[in-house]
Amino acid sequence: MAQKRKIPGSGGIVIRPMIRTGKQFVNSFIKGKPNTILYPYQILDLPPTYRGKHTLDFNRCIGCGNCIQICPNDCMWMEKLEDPELGKIERPGVDMGRCLFCGLCVEVCPTVAIHHTVEFELADYKRDKLRYGPKELRDDKFADKFKEERTKQRLPVLDMSKCTSCEKCAGACPEMVIAMMPIENVGRSKPEINLAKCTSCEKCVIVCPEKALEMKEIYESYFEMPEPKFLLKDCTGCGACAKACPADAIYMLEMPGTEKILKDGKKGKPKKRAVFVLEKCVGCGKCFRACKFEAIEMPGVRK
Amino acid sequence: MAEMWINMGPQHPMTHGLWNLRVKVDGETIVDAQPEVGYLHRGIEKLVEGRTYTQVIPITDRLCYGSSLTWSHLYCLTAENLMGVEVPPRAEYIRVAAIEMQRIASHLMWLAAYSTDLGLMLGFLYTMRDREVFIDILQALSGSRLTYNYPRIGGVAHDVPPNFERDTLRACNYMEKKLKEYEDLFEGSKVFMMRNVDVGLLKKEDAMNLGVTGPPLRASGVKYDLRKDMPYSVYPELDFEPVTHPDGDCYARYRVRMDEMYESCKIIRQAVQKMPKGKWRVVAPRNGPVGTGLGRVEDPRGEGVMYIVGDGTDRPYRLKIRSPIFVTVSAAPKMLIGYKMADVVAIMGGLDMCIGETDR
Amino acid sequence: MNLFDFCYGLIHWLVDLINNIWYRLGDWLPWWFGDFFTGVGDFARSHGHIAVMAILLEVLIIIIIALINVLNFIWLDRKFMGRMFDFYGPYYVGYRIGGWLQNLADGIKLFVKEIITPAKADKLGFLLAPIIYVGSSFLALATIPLGRQFYIGTNADPLSTGVEASALIAFAFFAIAPFSILIAGWSSNNKYTLIGGMRSAAQMMSYEIPMLLTVASVFLMAGSFGFMGIVDAQHDIWFGIPLFIGLVTFIICLAAEVEIQPFDLPEAEAELVEGWTTEYCGMRFGLFMMTGYLRGYIGGALATALFLGGWHGPAFLPDPIWFLIKAYIVFVLIEWARWSLPRVRVDQILNIGWKRLLPMAILNLMIAVLLKTAGWF
């Protein structure tokens with residue numbers, strides 16, 4: 001089949017192609033309609049993985065802005081909104097005129113709040129109308145109709161404000177996944193969990209007396225996000241990073257022994273420092289941008 | 001009539017894409033030819049600077065929009081070479097199945113344009129109908145029809161959909177039936193053979209000296225296919241034969257591409273049946289090391305090479321792309337001189353020019 | 001009843017209708033107007049006047065039939081092509097009748113386009129070329145009878161066979177077209193149209209000769225140069241059956257004359273944009289396209305009259321309908337081959353014309369001579 005040479009003109013001169021077209025002609029009446037989809041009256045049915053218009057779940061979105069950073073074409077922006085139930089929030093909007101529909105924003109979202117739907121009829125008369133703000137993209141019920149593809153696991157999540165450093169969780173873990181690391185200048189230690197090795201047995205959650213550990217469903221992330229590096233000597237304890245963090249990964253803890261003696265003899269309030277729970281960090285870089293004293297270093301993130 | 005230069009200019013219904021071919025014509029016979037490319041330069045190598053390693057993947061998709069999986073796969077191979085990432089075997093098999101389906105789709109699109117240029121509009125509609133079958137499978141796999149954004153550094157973006165195996169095997173059976181129909185339609189008509197046999201001869205030594213790769217090289221009798229000679233990915237474990245043809249004319253190039261479609265069907269069947277279970281993606285490091293990486297792949301049009309330089313941050317410092325058509329089109333004068341004006345269409349169509357990757 | 005009698009009766013009735021009012025008007029008005037009206041009324045009733053009007057009405061009827069057939073051909077072409085290529089043809093415009101009104105929509109679109117004449121074009125030639133092309137084709141159309149009683153002519157001699165040598169006249173007018181194509185290609189002042197025009201003229205000229213030789217064999221067998229004589233000679237057996245080679249040669253030459261794929265290199269070539277009609281815009285281009293299909297219709301009618309027995313057929317349908325059915329069958333055959341074959345290169349076209357068709361035509365002529373001298377016809 002590959003090597004031998006075909007002799008030109010073998011077979012009928014014009015008969016063989018004409019038989020093929022004749023067959024096709026007859027088939028198009030007998031075996032059903034021609035292979036055309038009459039567009040405005042019939043629509044192609046698309047698979048659910050099709051990348052069409054975005055939809056945003058306001059309840060799941062934490063406003064981290066990872067999607068805005070990973071977009072190759074700078075199509076997204078963050079909008080500050082006031083929602084009656086959720087309060088003052090920040091949610092992203094998409095400019096469909098620039099969007100590549102590449103799907104990277106959907107892949108990088110840590111809480112799977114943004115999805116692609118099957119809708120593709122997005123044409124409009126004016127270029128400004130193509131900028132879809134978060135209110136136009138909002139659909140809180142989309143996740144119920146949609147079969148999720150990303151795997152999720154139940155993993156323990158630490159709330160540092162309740163932790164007393166009693167070390168019971170590290171003792172209870174059968175896989176030795178929790179390590180108690182000391183925090184500088186605070187004098188306590190905090191548990192650091194190696195989430196890759198956790199088997200979700202929930203023993204640490206049961207054992208904790210203050211209920212500082214909670215099992216939540218965390219989606220698997222395939223991207224290695226940048227991690228913030230904290231420099232203690234520049235930290236002034238202003239708390240801007242803790243307010244800015246969308247994933248509750250920064251807690252301000254008091255440093256004992258730093259209270260100032262005030263003029264009338266009373267002890268003032270002790271200074272605070274930031275403590276990072278890096279398992280919860282999503283790599284958005286808001287702490288990096290919020291800190292005015294350059295105490296946080298995060299290479300690779302835009303200012 | 002004296003000799004005159006004719007511009008088959010940038011705006012022309014025959015040339016797919018935007019390039020200029022100047023031919024010097026003496027009556028009806030061609031005496032000299034000069035191709036001119038560069039009208040579609042979009043600055044892709046510049047766009048890549050300043051984007052992270054993952055953000056580059058949608059951009060490499062748009063290099064050659066006729067076969068875009070090849071280029072994003074090539075980029076992922078290059079980046080994995082730089083970072084030293086091991087891809088899990090399931091991802092390799094999925095990638096091979098998708099690439100071979102993309103190869104069939106690309107060859108079908110070539111056939112559509114080729115037969116329309118020769119005057120047979122039938123070829124266009126039948127091949128596009130059959131290409132839909134493969135594009136639908138790739139759409140269910142990745143989510144988009146033309147620029148897939150599917151391979152990632154460290155594997156593929158997500159797992160195959162259900163019914164992938166059943167649909168793929170059905171598509172391969174359908175394609176083999178249709179290839180027999182195309183033989184009837186094209187080789188069964190004397191008119192087609194008259195226009196293609198002994199037209200546009202490219203000798204073996206000329207092809208090798210000018211750096212031509214891909215189907216035009218194999219149609220001149222040289223057995224050189226990167227999938228066998230410098231195997232990458234999981235090709236050493238698959239059983240197929242590169243296709244060659246001893247003459248170097250237009251008919252040989254047509255025949256090589258049709259037989260490559262048969263071979264691709266074989267490869268897809270083996271890849272889909274041998275696919276192991278397991279992970280399909282590994283987390284790649286964010287920062288690339290300081291160093292260089294190289295990747296070579298057999299594009300449907302020839303040999304594609306990418307060279308990447310990393311400098312320790314999470315954005316590549318430089319990406320260099322070698323496109324096959326850029327080199328092959330310089331063989332145009334050798335193939336055109338001595339033939340008639342009406343043969344230009346058949347000869348240049350046989351090279352399957354996709355200007356997106358030529359001009360980058 | 002003859003077509004002429006029908007038209008004569010119609011015009012006579014119409015003139016009487018108008019004259020009712022006209023004479024009354026003449027009687028009512030004073031004498032210096034009245035005489036004028038009566039004189040005109042008398043002139044209108046005279047035999048000469050009605051005969052001339054009847055001939056004009058005949059011409060109008062034949063032209064309308066031809067143009068409606070051309071519209072049908074274009075519609076059938078597109079629907080047929082659609083079903084062969086696995087899509088619908090025209091579908092939405094005129095939804096209930098299968099998309100036939102698409103032709104009218106295309107015609108209206110061509111009318112409203114702006115007409116541009118290139119600055120350096122030869123104005124006289126540029127304007128004359130469509131006129132000659134269209135005019136010669138209509139003249140060729142005028143001589144073809146559609147039935148025993150259905151032709152342009154008077155009934156001066158009821159047993160006459162129409163115009164003597166009408167087939168010869170038809171072919172003579174049919175062959176003026178290459179001349180106009182050369183004028184069109186040259187006067188557009190464009191390198192590409194010049195090449196296209198030359199190629200077209202070469203192609204048409206080289207396919208005239210086998211066509212005329214084939215037709216000569218038919219003249220030989222029928223013993224007359226006129227359509228009536230040829231069709232009457234086929235009442236036993238159609239000429240297509242003994243002269244089968246002639247039929248095939250004639251249809252191939254017809255496809256080359258009308259510039260239908262696989263022979264349309266001068267026209268729709270991938271490298272010469274539109275060939276010799278590139279510089280024509282709007283309805284001028286529409287005229288060229290329409291005349292292309294009109295020549296297809298004329299060729300089909302000629303093939304029917306010469307080879308397929310003209311209007312002979314079972315008596316349950318009138319003669320012109322049989323004629324048109326056979327012309328449509330020839331057209332469908334050409335269309336089927338048209339969409340299945342790629343384009344032939346120009347030197348290969350000339351090759352086929354001179355080296356393959358000419359011997360076939362001569363062979364056909366010899367068969368005709370043999371059959372005629374053997375006394376079977």
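Two strands count as paired if DSSP finds at least two bridges between them. On that basis, in this predicted model, chain B has an open sheet of three strands in the order β1-β2-β3, with antiparallel pairing.

**Sheet in chain B**

- The edge positions are held by β1 (4–8) and β3 (29–36) of chain B; each has a single partner strand, so one side of each is left without a neighbour in the sheet.
- From one strand to the next, the twist averages 25°.
- Strands of a sheet pair through backbone hydrogen bonds, in either a parallel or an antiparallel manner.
- Strand β2 of chain B (residues 20–26) runs antiparallel to β1(B), and five bridges join the two.
- Within this pairing, B:V23 of β2(B) is the residue that stands opposite B:I6.

**Contact between chains A and B**

- Chain A contributes 31 residues to this contact, and chain B contributes 33 residues.
- On the side of chain A that touches chain B, α1 (15–30) and α3 (104–108) of chain A each supply at least two residues.
- The largest share of that side comes from α1(A), with four residues.
- By class, the side of chain A that touches chain B has 17 nonpolar, seven polar and seven charged residues.

**Contact between chains A and C**

- Here eleven residues of chain A are in contact with ten residues of chain C.
- The side of chain A that touches chain C is made up of five nonpolar and six polar residues, with no charged ones.

**Domains of chain A**

- Chain A is assigned domain 1 (54–145), domain 2 (153–220) and domain 3 (223–303).
- The C-alpha centres of domain 2 and domain 3 of chain A are 21 Å apart.
- Between these two domains of chain A, twelve residues of domain 2 are in contact with ten residues of domain 3.
- On the side of domain 2 of chain A that touches domain 3 of chain A, the elements giving two or more residues are β6 (152–158) and β8 (189–193) of chain A.
- That side of domain 2 of chain A divides into seven nonpolar, three polar and two charged residues.

Key:
Residues numbered from 1 in each chain as written. Chains lettered and ligands numbered in written order. Predicted model: local features only at pLDDT ≥ 70, side-chain atom pairs only at ≥ 80, totals over all residues. Contact = placed C-beta atoms within 7 Å. Nonpolar A, V, L, I, M, F, W, Y, C, P; charged D, E, K, R; others polar. Domains from an automatic or database assignment. Axes fitted to C-alpha atoms, helices over the stretch in contact; angles between N-to-C directions.
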